[in-house]
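This briefing concerns how the chains of one assembly meet. Please consult the sequence and the structure shown below alongside the text.

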There are 4 protein chains.
Amino acid sequence: MTVHSDPGPGHPRESPISQPAPTAGKRERIIEAAIKVFAERGFYHARVSEVAAEAGVAGGTIYNYFRNKDDLLISLFEDRMEAILADFRAELAGIDSAAGRLRRFVELHLRMVAQNPPLAEVLTVELRQSSKFMREYKARKFGEYLALLESLISEGIEQGLFRSDVDPKILKRALFGAIDEVSLFWVGHQRAGNPQPYALDHAAEQIWRLYAGGLMRPQESTP
Amino acid sequence: MTVHSDPGPGHPRESPISQPAPTAGKRERIIEAAIKVFAERGFYHARVSEVAAEAGVAGGTIYNYFRNKDDLLISLFEDRMEAILADFRAELAGIDSAAGRLRRFVELHLRMVAQNPPLAEVLTVELRQSSKFMREYKARKFGEYLALLESLISEGIEQGLFRSDVDPKILKRALFGAIDEVSLFWVGHQRAGNPQPYALDHAAEQIWRLYAGGLMRPQESTP
Amino acid sequence: MTVHSDPGPGHPRESPISQPAPTAGKRERIIEAAIKVFAERGFYHARVSEVAAEAGVAGGTIYNYFRNKDDLLISLFEDRMEAILADFRAELAGIDSAAGRLRRFVELHLRMVAQNPPLAEVLTVELRQSSKFMREYKARKFGEYLALLESLISEGIEQGLFRSDVDPKILKRALFGAIDEVSLFWVGHQRAGNPQPYALDHAAEQIWRLYAGGLMRPQESTP
Amino acid sequence: MTVHSDPGPGHPRESPISQPAPTAGKRERIIEAAIKVFAERGFYHARVSEVAAEAGVAGGTIYNYFRNKDDLLISLFEDRMEAILADFRAELAGIDSAAGRLRRFVELHLRMVAQNPPLAEVLTVELRQSSKFMREYKARKFGEYLALLESLISEGIEQGLFRSDVDPKILKRALFGAIDEVSLFWVGHQRAGNPQPYALDHAAEQIWRLYAGGLMRPQESTP
DNA sequence: CATGAATGAGCATTCATTCAT
DNA sequence: AATGAATGAATGCTCATTCAT
């Protein structure tokens with residue numbers, strides 16, 4: 001499934017019954033370690049040996065599971081984005097109104113940030129840097145996330161709930177950028193040892209209220 | 001003024017009368033070169049020697065004007081941010097209504113992006129990475145820009161134009177994030193050789209309409 | 001007999017009666033694989049895992065039969081040189097004249113090259129490199145081959161067939177070097193996908209004629 | 001002239017007047033060091049840092065003059081082969097008879113070996129190994145040396161001095177192989193701390209006598 | 001005996017920075 | 001001030017070897 005990364009010796013994903021393979025979870029542990037280390041030190045300042053130490057494996061072991069440092073970042077991204085997308089889709093499936101779904105999306109993103117700040121940092125900050133190849137890769141993969149967001153806006157328009165003069169191509173980015181920036185500041189503040197600058201659910205409410213007000217047709221009021 | 005960077009042999013800013021010193025503009029040329037190279041290759045992939053070549057100076061010359069590579073990025077940031085802030089303040093000074101000023105802010109940011117895409121890339125992308133020191137530095141310096149934005153929102157609330165239940169601390173970040181994301185996608189698209197995904201002034205209008213709708217008190221309509 | 005290499009699980013050579021052990025031939029398969037891989041990639045570029053793959057065994061299995069990579073090369077050398085020497089001695093046993101035996105030696109060497117080019121490459125090229133220890137080892141083991149050659153020349157002198165002013169110590173090396181160089185060029189040419197630069201039996205005749213002319217006393221003519 | 005290697009900062013070859021450039025001789029010193037270290041330890045066992053230490057420069061300096069370790073070997077080869085060829089051509093220019101020229105060639109090769117054993121080792125041993133690219137490169141460059149040898153044989157045939165049934169394509173290799181093997185054994189013996197196994201000029205005489213006897217038409221006698 | 005995942009020593013190479021000229 | 005050759009610390013990656021299963 002992952003094209004660019006060796007699934008690793010234990011091939012954990014391919015043993016459905018899976019009495020824990022000898023290497024079960026090793027790939028996972030490396031990814032977890034990478035998220036932590038990349039978030040703390042930044043991708044370029046992080047040394048592969050630090051990731052290995054954090055994962056409790058030898059340096060060379062990383063290369064049994066990932067082609068190189070770049071591939072570790074990409075695989076991490078792909079792996080976690082897939083899980084997040086699946087989670088989001090499941091959560092949104094039970095909600096009828098486009099407005100409710102969009103609101104839920106905002107909440108879900110910020111909940112994810114609150115539950116796993118280092119992951120949020122890595123997913124949104126680290127991949128902006130790195131090689132041209134990785135920027136392109138990220139753009140592609142990240143597109144799915146934005147496509148989901150765009151579909152929520154488009155649905156709202158189709159349902160006659162949102163104003164018809166909004167451009168979903170632009171507003172999906174505007175909304176994502178808003179959520180992302182609010183998240184990252186919060187995450188950075190935490191890391192620096194400061195108290196929370198604001199509660200994330202308060203932020204979710206603020207953002208949603210703003211966008212609801214901007215998106216909805218005049219007669220609608222914020223739910 | 002610049003604490004961390006050597007103003008350089010010509011000290012151009014300090015000789016107000018100054019017929020251009022023999023090295024006048026050398027510091028400036030290096031900064032211009034750095035913007036170009038950092039935008040193209042990313043801060044970590046850019047080599048100091050590439051910046052030097054682009055600026056038409058020898059590698060060692062960079063170090064007559066900047067302490068090190070980090071300092072070059074920071075100085076660049078400081079230098080350009082000051083100019084941008086001064087420009088924005090001048091532009092906004094002539095506008096009365098908080099709504100008009102906020103709208104103008106969005107337009108100015110996107111105009112800046114359109115006029116100098118590499119600068120936009122460097123200012124918003126490159127500084128997210130880098131060392132802990134630089135992240136903190138950026139947060140501080142960047143705060144002025146956000147403070148300006150916050151003041152515009154706060155004014156709107158004080159003037160009774162904007163809803164009183166919005167949190168300017170959060171919404172300034174939401175608005176900045178929205179503008180930034182829309183900008184960066186546009187910039188990245190351009191760099192990749194693609195046609196523009198959207199016109200930036202159309203984007204400015206969309207963003208403004210959205211935020212206006214969300215910020216303004218119900219009885220107000222988008223201008 | 002083999003001091004430095006584990007004869008392996010089947011110990012085939014030490015059980016003279018022995019119906020082939022379950023692993024019989026595994027050591028042999030590894031050696032064959034090593035000859036192929038070392039010839040193709042060179043000893044230093046060849047990876048042990050490549051040899052294992054070529055032999056159809058797991059990487060670790062190599063180490064049940066050989067101490068390490070160096071030992072694999074040495075064992076290969078020893079093994080094949082013994083077989084070659086036995087073959088040569090048997091072939092030469094039936095020839096009376098020293099001249100005929102020397103001529104046959106040249107033919108046998110080139111026939112061996114033609115029949116097994118990769119082996120020829122490994123035996124003569126790869127062992128020149130490698131560690132000091134291996135160079136010395138090779139010198140010793142290889143000496144037997146040269147000793148055979150020297151004995152043929154010495155016999156010719158004793159028989160009054162060859163000139164008495166030739167130095168067998170030097171000429172054995174000269175002759176070996178000549179045969180070897182002619183062989184290796186031919187082998188390299190083949191590997192590169194080129195057509196044969198010359199027929200090896202033509203080369204054998206040329207070399208023999210040259211050495212016969214140079215070695216034999218004036219009144220003698222090439223047999 | 002050298003295509004694949006940076007001639008280095010001082011560009012010593014390009015300053016014909018050459019008051020010693022600041023880096024004069026640095027490239028040369030590195031090559032000398034490389035010859036010594038490669039001969040002692042073998043190309044693959046030699047570390048770049050050892051070459052640097054031997055040359056009295058920092059590790060990184062090597063890379064101001066050569067692209068990488070391979071390029072150092074190739075450049076070394078090219079550099080010295082050119083000098084040797086020029087030397088040989090000059091020496092041979094003053095000799096009339098093909099036989100005399102061929103004899104001189106043998107003497108020159110062995111003289112070169114005696115004067116610079118490490119160079120002889122590197123030129124003939126180290127380049128046989130290494131990557132496919134280098135093998136091909138060597139074949140090309142080394143061809144010039146062999147072409148000179150072939151021309152000497154061909155001339156002898158044309159002059160009616162050598163037998164017309166000898167194949168210069170094969171015999172040039174046979175002769176080179178003979179000289180080379182005799183040389184390398186001598187060199188290896190020296191390095192191992194043993195007394196010389198034979199005098200090199202004695203070897204030259206033996207080889208020449210052998211080839212003269214084999215090449216010359218029956219009525220000719222060795223000069 | 002066979003396996004192959006795990007190990008970690010080893011090393012070429014890069015590139016920011018210095019400093020003699 | 002400007003230069004650019006020299007420096008050497010820093011690190012990603014390879015691959016021979018081990019050993020638990």
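In this predicted model, chain D brings 41 residues into contact with 40 residues of chain C. About 3600 Å² is buried between chain D and chain C, and carbon and sulfur atoms account for 58% of that area.

- Four salt bridges are counted between chain D and chain C.
- One salt bridge joins D:Asp165 to C:Arg209, with 3.0 Å between the closest N and O atoms.
- Eleven residue pairs are in polar contact between chain D and chain C, both residues of each pair being at pLDDT 80 or more.

**The side of chain D that touches chain C**

- Three helices of chain D, α1 (26-41), α8 (168-191) and α9 (200-215), each supply at least two residues of the side that touches chain C.
- The most is given by α8(D), which provides twelve residues of this side.
- By residue class, the side of chain D that touches chain C comprises 18 nonpolar, ten polar and 13 charged residues.

Key. Residues numbered from 1 in each chain as written. Chains lettered and ligands numbered in written order. Predicted model: local features only at pLDDT ≥ 70, side-chain atom pairs only at ≥ 80, totals over all residues. Heavy atoms only, no water. Contact = heavy atoms within 4.5 Å. Buried area = accessible area lost by both parts, 1.4 Å probe. Salt bridge = Lys/Arg side-chain N within 4 Å of Asp/Glu carboxyl O. Polar contact = N/O pair within 3.5 Å; in protein donor to acceptor, adjacent residues only side chain to side chain. Helix = DSSP H or I, 4+ residues; strand = E, 2+ residues; numbered from the N terminus. Nonpolar A, V, L, I, M, F, W, Y, C, P; charged D, E, K, R; others polar.
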